[in-house]
Amino acid sequence: MTEYKAFSNTVVVFKEPTISQIVPKSGPNAGKETSVLEFKAYKPHFVKQQDGSFQQDKDGTEFFSVRYYGKESSAKRMAAGIKEGMMLEVRGDVSTREFTGKNGKQMQENVLTAKGIAVSLNQPGLKIDYSRPKAKEQETER
C-alpha cells in the first residue's frame with residue numbers, strides 16, 4: 001500500500017507542464033470531468049562545504065511528477081505561468097508509484113499531489129505583470 005507523506009517545500013521545474021482530462025471513479029469528484037496539470041520537478045539537495053559555501057549534491061536530489069487536480073480554467077492559468085527552471089513553492093502529499101519501465105525493469109516514481117502551488121518571488125529573472133481585475137459594475141434597476 002502506498003504511504004502518503006506531507007510535503008511543503010521549494011521545487012525546480014525541469015519539464016514544461018501538460019494538461020489532461022480524467023473522470024474519477026471514486027471520491028468527491030466521481031463522474032465529473034477533472035483537469036490534471038502535471039510537470040516534472042526536483043528538490044535540490046545542498047551540502048555545506050568547509051569554506052561555508054553550499055554546493056548542490058546531485059545524489060541527494062529528489063525528483064517528482066507534480067500533479068494538480070482541479071478545474072480546467074485553473075489548470076490552464078497555472079500552466080501558462082509555469083516555465084522550465086522556475087522555483088515553485090509546493091504544498092501537498094508525496095507517494096511512491098511503482099511501475100514497469102520500457103526496458104522491463106521495476107521502477108519507482110515520486111508523485112507529488114499538489115494542494116497548492118505558488119511562485120517563489122525571490123528567484124532571479126522573475127518579472128511580474130499583474131493588473132488588478134476590474135470589479136463588475138452592479139446593475140441597478142430604475
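This report covers model confidence, strand pairing and salt bridges in the structure above.

## Model and conventions

This is a predicted model: local features need pLDDT of at least 70, side-chain atom pairs count only at pLDDT 80 or more, and totals for chains, interfaces and linings use all residues. Numbering starts from 1 along each chain as its sequence is written, and side-chain values use heavy atoms, with hydrogens and water left out.

## Confidence

pLDDT is the predictor's confidence in each residue, from 0 to 100. The protein chain averages 88. Of the residues, 94% score at least 70.

Helices (H or I, at least four residues) and strands (E, at least two) are DSSP runs, numbered from the N terminus. Among the elements of the protein chain, strand 2 (residues 34–43) has the highest mean pLDDT, at 96. Strand 4 (residues 54–56) has the lowest, at 78.

## Strand pairing

Two strands pair if DSSP finds at least two bridges between them. Strand 6 and strand 7 run antiparallel, joined by 13 bridges. Glu89 has Ala118 in strand 7 as its bridge partner.

Strand 5 and strand 7 run parallel, and four bridges join them. Tyr68 has its bridge partner, Ala114, in strand 7.

## Salt bridges

A salt bridge is a side-chain nitrogen of Lys or Arg within 4 Å of a carboxyl oxygen of Asp or Glu. The count comes to eight. One of them joins Glu62 and Lys43, with the closest N and O atoms 3.7 Å apart. Glu62 lies in strand 5 (residues 62–70) and Lys43 in strand 2, so the pair ties together parts that are 19 residues apart in sequence.

Arg97 and Glu109 meet in a salt bridge at 2.8 Å, N to O. The pair links distant parts of the chain, twelve residues apart: Arg97 is in strand 6 (residues 87–100) and Glu109 in strand 7 (residues 106–119). Arg97 is partly exposed at 37% relative accessibility, whereas Glu109 is buried at 12%. Salt bridges that share partners join Glu38, Lys40, Arg67, Arg97 and Glu109 into one network.

Within that network, the side chains of Glu38 and Lys40 meet at 4.0 Å, N to O. Lys40 is partly exposed, at 24% relative accessibility.

How values were computed:
Buried < 20%, exposed > 50% of the residue type's maximum accessible area, 1.4 Å probe, protein only.
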